[in-house]
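Please look through the structure below before reading on. The paragraphs after it take one part at a time.

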Amino acid sequence: MTEPLVQVKNLSMHFGQASGFLKRPQRVVKAVDNVSLDVFEGETLGLVGESGCGKSTLGRSILQLYKPTAGTVQYRGTDLVQLEGKALRKMRNRFQMIYQDPYASLNPRMKIADIIGEPMYIHQLHPRSEIRAEVEKILEMVGLTREFADRYPHEFSGGQRQRIGIARALAAQPDFIVADEPISALDVSIQAQIINLMRNLQSQLKLTYLFIAHDLAVVRHISDRMAVMYLGKVMELTDSNSIYENPLHPYTQSLLSAIPIPDPEKEREREANRVLLEGEVPSPENPPKGCAFCTRCPRKQEVLKSKQIDCSTQAPQFTEAKPGHWTACHLYT
Amino acid sequence: MSNSTTTRRSFLKDAIRRFSQNRLALIGLFLVGFILFLALFADLLSPFAYDRVYFDRVLLMPFDHPEHPLGTDEVGRDYLSRLIYGARTSMLVSLSVQMIALLIGLPIGALAGYFGGALDFVISRIIDIMTAFPALLFTILIISVLGGGMLTIIVALSISSWIVIARITRAQVLTLREQEYCTAARGIGASEWRILFRHLIPNAMSPILIAVSLGIPTAIFAEAGLSFLGLGVNDPIASWGKMVGASNAYVQVYWHLALLPTLAIALTMLGFSFLGDGLRDALDPKQKIRV
Amino acid sequence: MDEALLEVEDLHVHFPTPDGVVQAVNGISYSLGKQEILAIVGESGSGKSVGVLSLLRLIPTRDCEVQGSVHFEGRDLLQLSDAEMREMRGNRIAMVFQDPMTSLNPVLRIGDQIQESIIEHQGISEKVAKGRAIELLALVGIPEAEKRYRHYPHQFSGGMRQRIMIAAGLACEPSVLIADEPTTALDVTIQAQIIDLVKRLCREIGMSVIWITHDLGIVAGLADRVAVMYAGKIVEFAPVDQLFKTPQHPYSKGLLNSLPRLDTRSEKPLEAIEGLPPNLIHYPTSCPFLERCSYKTEQCQTPPEKQSISTTHEVWCHHAGKL
């Protein structure tokens, strides 16, 4: 873990900026706002947050599925944001994505063999005559059988389709995979199958994951480090154990306390000290001026008293509060 | 909910099942098949050539003469033969028009929908203008500039027909390109053209095919109408519309001259409409597409 | 729990389709006590929603066949006429659904939507109903209820709309609230608010709740008793502590083991339940969980009968108590 595989610096993805031919200027949605993080080779970085916090958009802008409006994404020393057209397409096999919806992400008119074979064909990873055999190899690797190759996506269940989506990603021979809520559309008993599969593949193929999810328990299980996002910004970033055992940011603290644990005794204990957040997430069209979390923060007064800082006007810096533990909160500056 | 574990049949099999349970669609299929058969084998099926004139057998009523079961027209041509050849004209014009409409409309609509921007702006405005202009007047204008004839009719009708196909293709591509599998195709490094041809167009085909099949009766009717007005195919080619038009002077006595080609037009249009509706019900069970 | 408020007996729900009959619910029985929160847990296709919605005839009867009996306030719900059922729904039994975005009528002010059922069922004047509606909005935690009463659904966020749905459900002081995955579309911080609200209401107005969910975490903090459903059957029925501490059915056990836990970290792989649920058209003649079960024996070729572990803990497994 010396050099980061992927280095994201000051990345912003603002939607709706006035551009193009005869288009009226629209209101700008700051889906991702000035985010910096590193993903190290061989690790799993978890990215958690509630819906609309920009975690999916961040994943997609790292992979250049959206063109970021500002910032850089260094992949092994190359800035992907600067790449265009063919140069970018040629590199795409190195970083792949697993999608949330196993139904929408597979072309219904293509056979499984063609879906999985497509990246091999596009990037000429194997001679054309060997693609079929390679597809079958990958099918077995993700726990399916070679008979599946000649069938269509609609013949499979959600879990099986997600395996096909994973197989398509692997077919490109990537070393970095962004998994965008890969299990949230699946049933509980199937989720564990996919998590185990992803972990096995990681150790077999030396993959690096950016694992996006809203379920903190799942992310804690699979990740080495975790980043918590809120309203387009990263609020806290550290190793998965510290985030649970010693969360620094008030948002992380209340998020953790809101997640139910499947244990009735523990739940009764936790209920007494539960920090119920008031209100709702502000609109990303019109985020608060200061700290993104200031409208709901239960510790705002504390900051004002101890530091004489008004959170609603002054935005905190994302700083290293402890070695390896980054957070964006005035309490730790 | 409860259906998540039921067996899923393939889309095509499902469509065939829905189609074969639709009685009207089957009638349509039969009628269309019959007309196509007549059109293809007109040379073998008709007792006489369409332009063979018998000066001594002018204006025979049906069953008057053993060799002309449906009588003859005002210049002594076998009416049955002309009706059969009329099917050929009708099919040739309507199928060519829809084929050309597909060949022009599909790529233009797909490009506009996929690439958007200035290209889409220009194409959409052309479509708007063409839609706002009365199609019939437009067609007549072109024919009067280019002169009559089968080719002119086909060109003139194609110019107004591709708009429908382009509009539907554009709308389809606009929705489908937001589908996750298109993002996924971009993610594996597929080129724009590959995404368009491998991923978008195959998925957009059902509604486009429905539009084409429902466009055929429109074209049949347009050809018949133009021929009736004397703007259609040139003599001596047989056309149902022209036959109705020519019967004008004699219809009070020789009723069959108007009735038979009118029946032919009606049955063919009915056949294609039933078939098109059947296809729509089969391919688009949720009735999302409006033509 | 001395007296059951709602008693479901041997409920079957079948859907005829062109491929055959989907046996969505296959003979489930349960009862709901006063002021009790009963959770029904299961995965998609387990029949957890169908089994409850069919009680209130919320699934069009032309699409399905419902058999069995449902006793509520001395009557069999399945025998009621459509008019009597309407009287029952919203008045005595309220419902909250998964999607707060589509359950409210977008062109009516929310106040009017809440009032509607009060005026409809209790025949009181509009003025009294309005006061009651504002009271209800305040009760479910909508700030500035008097002002918000005049707003339209699109002016509220998802969590707020779910609160409004609950307020509308409570309007006639029903004795039972049926909640079908009411927090699935919401974020965890909002989910915590809604759960907190329902528990409070249950205590304060003495209402009973049937909460349908797939999330065992919610169940642990919310329910008094739990029914675990699999392939249209209840496989285990137990008080919440017993279910989590000593699950007796291999499926409940498997589900609990397959969950990653927030409060513990282990490097071991999760204990996944392999395979898929059975096809509900070709319903197995054996125990429905047979194919995925790691405890299966010869016995399991016949479907298991109910086994009572204690007076409150029931399991449908041949190996109950021996796992």
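What follows describes a sheet in chain A and then a pair of helices in chain B, in a model that is predicted.

Begin with the sheet. Strands of a sheet pair through backbone hydrogen bonds, and the pairing is either parallel or antiparallel. In chain A, 8 strands form an open sheet with mixed pairing. Reading across it, the order is β6-β7-β8-β3-β9-β10-β12-β11. The edges of this sheet are β6 (95–98) and β11 (319–322) of chain A, each of which pairs on one side only. From one strand to the next, the twist averages 20°.

One pairing within the sheet can be followed in detail. Strand β10 of chain A, residues 233–239, runs antiparallel to strand β12 of chain A, residues 325–327, and the two pair over 2 bridges. Which residue of β12(A) is the bridge partner of A:L237? The partner is A:W326.

Now turn to chain B. Two packed helices are described by the angle between their axes and the distance between the axes. Helix α4 of chain B covers residues 79–115, and helix α5 of chain B covers residues 117–132. Their axes lie 7 Å apart, and the packing angle is about 135°. Because of that angle, α4(B) counts as oblique to α5(B). The crossing of α4(B) past α5(B) is left-handed.

Which residues make this contact? From α4(B) come B:I108, B:L111, B:A112 and B:F115. From α5(B) come B:G117, B:L119, B:D120, B:I123 and B:S124. Sorted by class, the contact of α4(B) with α5(B) has 6 nonpolar, 2 polar and 1 charged residues.

Definitions and conventions
Residues are numbered from 1 along each chain as its sequence is written. Chains are lettered from A and ligands numbered from 1 in the order in which they are written. This is a predicted model: local features need pLDDT of at least 70, side-chain atom pairs count only at pLDDT 80 or more; totals for chains, interfaces and linings use all residues. Axes are lines fitted to C-alpha atoms, for helices over the stretch in contact, and angles run from 0 to 180 degrees between N-to-C directions. Helices (H or I, at least four residues) and strands (E, at least two) are DSSP runs, numbered from the N terminus. Angles under 35 degrees count as roughly parallel, over 145 as roughly antiparallel, 65 to 115 as roughly perpendicular and the rest as oblique. A crossing is left-handed if the near helix is turned anticlockwise from the far one by less than a right angle, and right-handed if clockwise. Two residues are in contact if their C-beta atoms, placed from the backbone, lie within 7 Å. Ala, Val, Leu, Ile, Met, Phe, Trp, Tyr, Cys and Pro count as nonpolar, Asp, Glu, Lys and Arg as charged, and the others, Gly among them, as polar. Two strands pair if DSSP finds at least two bridges between them.
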